[in-house]
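I opened the notebook to follow some charged side chains and the ligand surroundings. My entries follow in the order in which I looked things up.

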Amino acid sequence: MTAPKKLFIKTYGCQMNVYDSERMAEALGGEGYVETKVAEEADMILLNTCHIREKAAEKVYSELGRLKPLKTVNPDLKIGVAGCVAQAEGEEIMRRQPAVDLVVGPQSYHRLPQMEARLRQGEKALDTDFPPEDKFEEMRARPKARRAPSAFLTVQEGCDKFCAFCVVPYTRGAEVSRPVTRVLDEARDLVARGVREITLLGQNVNAYHGLGPDGVEQSLAQLIWALNDIDGLERIRFTTSHPNDMQDDLIEAHRDCPKLMPYLHLPVQSGSDRILKRMNRSHTAESYLRLIERIRAARPDILLSGDFIVGFPEETEADFQATLDLIESVNYGYAYSFKYSTRPGTPAAERAQVDPEEADARLQRIQALITQQQQNIQKEMVGRDVRVLVEKKGRFDGQMVGKSEYLHAVHIDGCTAAIGDILPVRITEAKRNSLAAIQRT
Ligand code: SAH
Ligand code: SF4
Ligand code: F3S
């Protein structure tokens with residue numbers, strides 16, 4: 001018997017890449033690869049990349065430069081680039097870094113086994129097509145290994161919204177939803193392997209409109225209700241949503257569906273209507289705030305999170321102030337803010353850029369406000385009873401770590417529960433990035 005070949009995958013970017021990396025590992029598992037956490041011992045290294053900001057994309061090239069010398073130690077080593085940089089830059093990657101053997105875009109992962117075979121014959125392989133076949137269906141390997149209690153499940157991919165700053169519609173292609181039955185089958189399979197929480201993924205997950213078994217399209221809310229019926233599945237989440245696709249049935253599900261968790265990531269990007277329009281977001285600050293009101297009326301304790309871009313072309317101090325005002329009125333449990341990064345080929349790249357120092361200063365101001373809100377909400381949790389899905393052992397003896405309904409990381413000292421248990425606890429302390437709790441009996 002020959003020793004199994006080893007695969008090292010490094011994942012950048014969003015949760016969809018995390019999900020895709022798992023699928024790629026499964027696909028190559030069928031070709032005799034086992035995963036390793038040590039790049040030095042790998043026979044194949046895959047970088048699953050992100051193109052959303054310039055920094056994310058540039059990181060890939062410096063990583064490739066670091067990995068290249070490994071090829072002199074192991075002449076059989078193959079290096080591949082997958083993900084959104086692969087889609088956006090294609091062949092250019094091999095030109096810039098000749099050590100790269102394989103470039104594969106997000107819609108072609110099911111072709112990895114054939115591509116791998118070509119690499120073994122000394123060829124290079126490039127595939128950045130948007131093929132007509134369903135990659136998820138083609139990749140339906142069914143490994144029976146146990147899984148961590150929380151898993152991602154991609155239900156929708158791509159985006160048709162074309163926000164003026166964003167590469168996703170180009171790197172992930174047009175919006176596509178997976179059929180309901182396939183999603184439910186995969187969810188049941190995950191549950192059979194120990195999963196208790198599923199986060200449904202999509203670049204615009206709430207635009208989901210997958211075909212039901214009767215050939216009629218179903219909404220995300222309908223899909224969530226179907227998942228709610230799966231025994232052993234205890235928690236359902238979804239991300240990322242667009243404000244324009246937040247339909248009534250989804251808001252009602254947040255009120256009525258027992259397994260749907262009280263957490264919603266709903267990016268707004270800016271609080272200035274002028275900028276929102278220039279971003280091609282087709283919602284206003286006011287319509288967003290109204291929407292938040294309706295969501296909170298349905299589920300008063302829901303924890304909201306968002307994304308913000310500062311220093312978008314033409315953003316003035318007044319526009320930025322409007323964003324701070326919006327944040328003040330929403331009160332976010334979590335929020336992610338990014339300095340605008342020019343992406344070649346997107347409409348905003350052509351416009352008057354904000355002075356980088358001014359953009360840096362705004363980023364610091366927005367982050368200070370967000371941190372303050374985040375910490376206040378964490379402090380308000382002290383004394384409250386929540387239920388924690390236990391995910392792993394903590395740093396200290398007898399300590400376990402998991403997530404509350406609100407997605408707060410919670411540490412429980414002297415914990416008798418096992419990984420995968422859902423444990424009632426009382427929050428005792430708010431730390432910087434997590435909460436401490438004691439087990440209730
Ligand atoms: N589909 C999601 C998120 C896509 S990318 C949505 O519509 O909200 C995640 C976040 O990255 C975005 O919400 C945005 O805040 C940020 N982002 C996208 N393009 C960017 C750019 N060019 N510069 C800075 N931040 C960007
Ligand atoms: Fe990008 Fe906008 Fe689509 Fe989100 S909705 S993925 S920000 S284009
Ligand atoms: Fe990045 Fe692609 Fe996700 S650009 S954020 S990895 S969809």
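**Entry: Glu 186 and Arg 178.** I looked up Glu 186 and found it buried, at a relative accessible area of 14%. Buried means under 20% relative accessible area, exposed means over 50%, and partly exposed is in between (1.4 Å probe, protein chains only). The side chain of Glu 186 makes a salt bridge with that of Arg 178, 3.0 Å from N to O. I count a salt bridge when a side-chain nitrogen of Lys or Arg is within 4 Å of a carboxyl oxygen of Asp or Glu. Arg 178 is buried, with a relative accessible area of 4%.

**Entry: what I am working with.** This is a predicted model, where local features need pLDDT of at least 70 and side-chain atom pairs count only at pLDDT 80 or more, while totals for chains, interfaces and linings use all residues. Residues are numbered from 1 along each chain as its sequence is written, chains are lettered from A and ligands numbered from 1 in the order in which they are written, and side-chain values use heavy atoms, with hydrogens and water left out.

Entry: I searched the whole structure and got 37 salt bridges. One of them joins Glu 157 to Arg 172, with the closest N and O atoms 2.9 Å apart. This pair links distant parts of the chain, 15 residues apart. Glu 157 sits in strand β8 (residues 156-157), and Arg 172 in the loop between α8 (168-171) and β9 (176-177). Helices (H or I, at least four residues) and strands (E, at least two) are DSSP runs, numbered from the N terminus. Is Glu 157 buried or exposed? Glu 157 is buried, at 4% relative accessible area. Arg 172 is buried too, at 2%. I also noted a network of salt bridges that links Asp 20, Lys 135, Glu 157 and Arg 172.

Next came Glu 234 and Arg 196, whose side chains meet in a salt bridge of 3.1 Å, N to O. These two are 38 residues apart. Glu 234 lies in the loop between α10 (220-228) and β11 (235-239), and Arg 196 in the loop between α9 (180-192) and β10 (197-201). Glu 234 counts as partly exposed because its relative accessibility is 29%. Arg 196 is partly exposed at 23%.

**Entry: charges without a salt bridge.** Where is Lys 259? Lys 259 is in the loop between α11 (248-256) and β12 (263-265). Lys 259 is buried yet has no salt bridge. Its nearest side chain of opposite charge is Glu 234, 5.3 Å away. For charge, Lys and Arg count as positive and Asp and Glu as negative; His and the chain ends are not counted. Beyond four places in sequence, Lys 259 is in contact (heavy atoms within 4.5 Å) with residues including Asn 228, Leu 233 and Glu 234.

Arg 343 was my second case. Arg 343 is in the loop between β14 (334-339) and α15 (356-380). Arg 343 is buried and has no salt bridge, with Glu 54 as the nearest side chain of opposite charge at 5.2 Å. The side chain of Arg 343 does reach the backbone oxygen of Ile 52, at 3.3 Å. I treat this as a polar contact: a pair of N or O atoms within 3.5 Å; within protein, one must be able to donate a hydrogen and the other to accept it, and residues adjacent in sequence count only if both atoms are side-chain atoms.

**Entry: Thr 346.** Thr 346 lies in the loop between β14 and α15. Thr 346 is buried, at 2% relative accessible area.

**Entry: the ligands.** Which residues come nearest to ligand 1? Of the 15 around it (a heavy atom within 4 Å), they are Phe 165, Gln 203, Gln 269, Asp 307 and Ser 341. A backbone N or O atom of Phe 165 is 3.0 Å from a nitrogen atom of ligand 1. For Ser 341, a backbone N or O atom lies 2.9 Å from a nitrogen atom of ligand 1. A polar side-chain atom of Arg 53 is 3.2 Å from an oxygen atom of ligand 1.

Ligand 3 has Arg 172 and Gln 203 among the residues around it.
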